[in-house]
Amino acid sequence: MFAPEEFVSTLTELGITHVVWIPDTTLGQWDEALRTAPEIELVQVCREGEAWALAAGLYLGGAKPIVVIQCTGLFESGDSLRNIVHDYRLPIYGLIGYRSFLNAASLPGDTCLKFTEPVLDAWALDTVFLKDETMKPQFAEHYRKCTEQQIPGICLMAEGAA
Amino acid sequence: MSTPQAMPLAEALAVIHQYRADAVVITTMGAAREWQTLEPHPKDLVYMPSSMGQGPPLGLGIAIAQPDQRVIVVNGDGCTLMNLGCLVTLAAQAPKNFTLVVVDNGVYEVTGGQTTIGHPAKRADGQPLNFADLARAAGFTEVYEFDDVESFRFEHEILHEPGPVCIVLKTTHQTEDISARSPGPPAERIQTLRAALQS
């Protein structure tokens with residue numbers, strides 16, 4: 001959806017300082033651009049639960065992090081997410097890749113299509129869903145809104161493959 | 001067979017408390033409970049309620065954002081087992097201002113003392129899981145182990161040496177007054193820490 005340089009320039013315009021992530025096939029296309037971005041530090045973790053806590057620490061220290069993970073990582077990291085954004089009410093923002101949404105044929109029967117949106121609803125997070133290219137500007141708009149309101153937020157981004 | 005030596009958790013924490021200087025100190029589970037008996041500090045985070053295993057990455061984030069701020073995370077062995085990957089993440093980031101203290105008593109103390117899967121009784125070789133070896137294998141180069149509090153106290157300067165540092169403390173476990181507890185609403189307490197970090 002976002003070309004690598006386009007994504008980096010968007011994050012830079014938003015003032016984001018750190019991307020805490022685990023790449024998947026789609027998100028991983030941003031790897032080199034993120035690693036070489038002069039104003040962004042890429043912080044890779046081993047498992048997605050770490051990402052929310054690490055981003056929280058960055059926020060506490062005065063940075064502006066974003067969590068970038070696939071929806072499978074959202075499933076894995078639920079307790080960490082709950083703890084950070086609900087127990088501690090920290091306004092951490094995440095971009096979640098929605099596996100199989102644009103191409104269900106490559107992983108037939110992928111239950112990401114069944115559970116991703118209900119799980120996000122269950123976590124009661126302010127979410128914007130980018131279903132296609134035309135909706136891309138909503139990411140920055142939503143991030144700015146969440147930042148201004150000091151609330152956590154999620155940008156759910158449709159992906160086409162695993 | 002002789003009983004392995006170990007130190008009381010409260011005494012181990014008293015050493016950290018005494019020599020923390022201006023460090024952020026994040027405590028989890030049993031350590032979080034006992035830390036509340038000590039004089040509070042604006043840069044404390046009694047990480048209760050917690051997401052078990054996420055204390056180290058929380059501290060790592062602070063350490064990355066503020067490279068001149070020492071961060072000490074006191075993590076239980078059960079918490080460490082919940083998120084062993086954090087050792088690899090920490091070693092990869094290699095913050096010089098980060099100290100991980102693993103308090104290893106072999107049990108989930110706050111839930112009643114059930115042995116962890118790292119306890120000798122649950123391991124095929126009958127040997128305790130060696131957290132210091134795990135830290136070294138993950139990439140930590142500054143790794144220390146203590147089973148008596150006076151040795152730890154004598155070497156207290158390692159809390160602040162260039163890191164990342166991993167200190168494994170063999171501790172006894174309490175059998176009374178063991179429940180996890182929080183000193184107050186977490187959202188308010190973490191804002192106190194945030195304000196202290198911004199000042």
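This is a predicted model: local features need pLDDT of at least 70, side-chain atom pairs count only at pLDDT 80 or more; totals for chains, interfaces and linings use all residues.

Student: What makes the rings of Phe7(A) and Trp30(A) a pair, and which kind of pair is it?

Tutor: Rings of Phe, Tyr and Trp (its six-membered ring) pair if their centres lie within 6.5 Å, and planes under 30 degrees apart count as stacked, over 60 as edge-to-face and the rest as tilted. Here the centres are 3.7 Å apart and the planes are at 20 degrees, so the pair of Phe7(A) and Trp30(A) is stacked. The two residues are 23 apart and link distant parts of the chain, with Phe7(A) in helix H1 (residues 4–14) and Trp30(A) in the loop between strand S1 (18–21) and helix H2 (31–35) of chain A; helices (H or I, at least four residues) and strands (E, at least two) are DSSP runs, numbered from the N terminus.

Student: How do you know which kind of pair Tyr98(A) and Phe101(A) form?

Tutor: Their ring centres are 5.0 Å apart and their planes are at 40 degrees, so this pair is tilted. Tyr98(A) counts as buried at 1% relative accessibility, whereas Phe101(A), with a relative accessible area of 30%, is partly exposed. Over all chains the search finds 12 aromatic pairs, and ring pairs link Phe2(A), Phe7(A), Trp30(A), Tyr93(A), Phe139(A) and Tyr143(A) into a cluster.

Student: What makes Ser77(A) a buried residue, and which residues does Ser77(A) touch?

Tutor: Ser77(A) has a relative accessible area of 1%, so the label is buried, and the residue is found in the loop between helix H4 (71–76) and helix H5 (78–87) of chain A. A polar atom of its side chain lies 2.7 Å from the backbone oxygen of Gly73(A). Not counting residues up to four places away in sequence, Ser77(A) touches Glu48(A), Gly49(A), Trp52(A) and Ile69(A), where contact means heavy atoms within 4.5 Å.

Student: How do you know how much area chain B and chain A bury between them, and which residues take part?

Tutor: Buried area is the accessible area (1.4 Å probe) that two parts lose on being put together, summed over both, and for chain B and chain A it is about 2100 Å², 61% of it on carbon and sulfur atoms. The contact takes 32 residues from chain B and 27 residues from chain A. Thr89(B), Ile190(B) and Arg194(B) supply 20% of the area that chain B buries against chain A, more than any other three residues.

Student: What is the count of salt bridges between chain B and chain A?

Tutor: The count is 0, a salt bridge being a side-chain nitrogen of Lys or Arg within 4 Å of a carboxyl oxygen of Asp or Glu.

Student: Which backbone values stand out at Gln150(A) and Asp177(B)?

Tutor: Most residues other than glycine have a negative phi, and most peptide bonds are trans. Gln150(A), not a glycine, has a positive phi of about 55 degrees and, with a relative accessible area of 43%, is partly exposed. Phi of Asp177(B) is near 55 degrees, also positive, and at 55% relative accessibility Asp177(B) counts as exposed. A cis peptide bond joins Met48(B) and Pro49(B), with omega about 0 degrees.

Terms used:
Residues are numbered from 1 along each chain as its sequence is written. Chains are lettered from A and ligands numbered from 1 in the order in which they are written. Side-chain values use heavy atoms; hydrogens and water are left out. Buried means under 20% relative accessible area, exposed over 50%, partly exposed in between (1.4 Å probe, protein chains only). A polar contact is a pair of N or O atoms within 3.5 Å; within protein, one must be able to donate a hydrogen and the other to accept it, and residues adjacent in sequence count only if both atoms are side-chain atoms.
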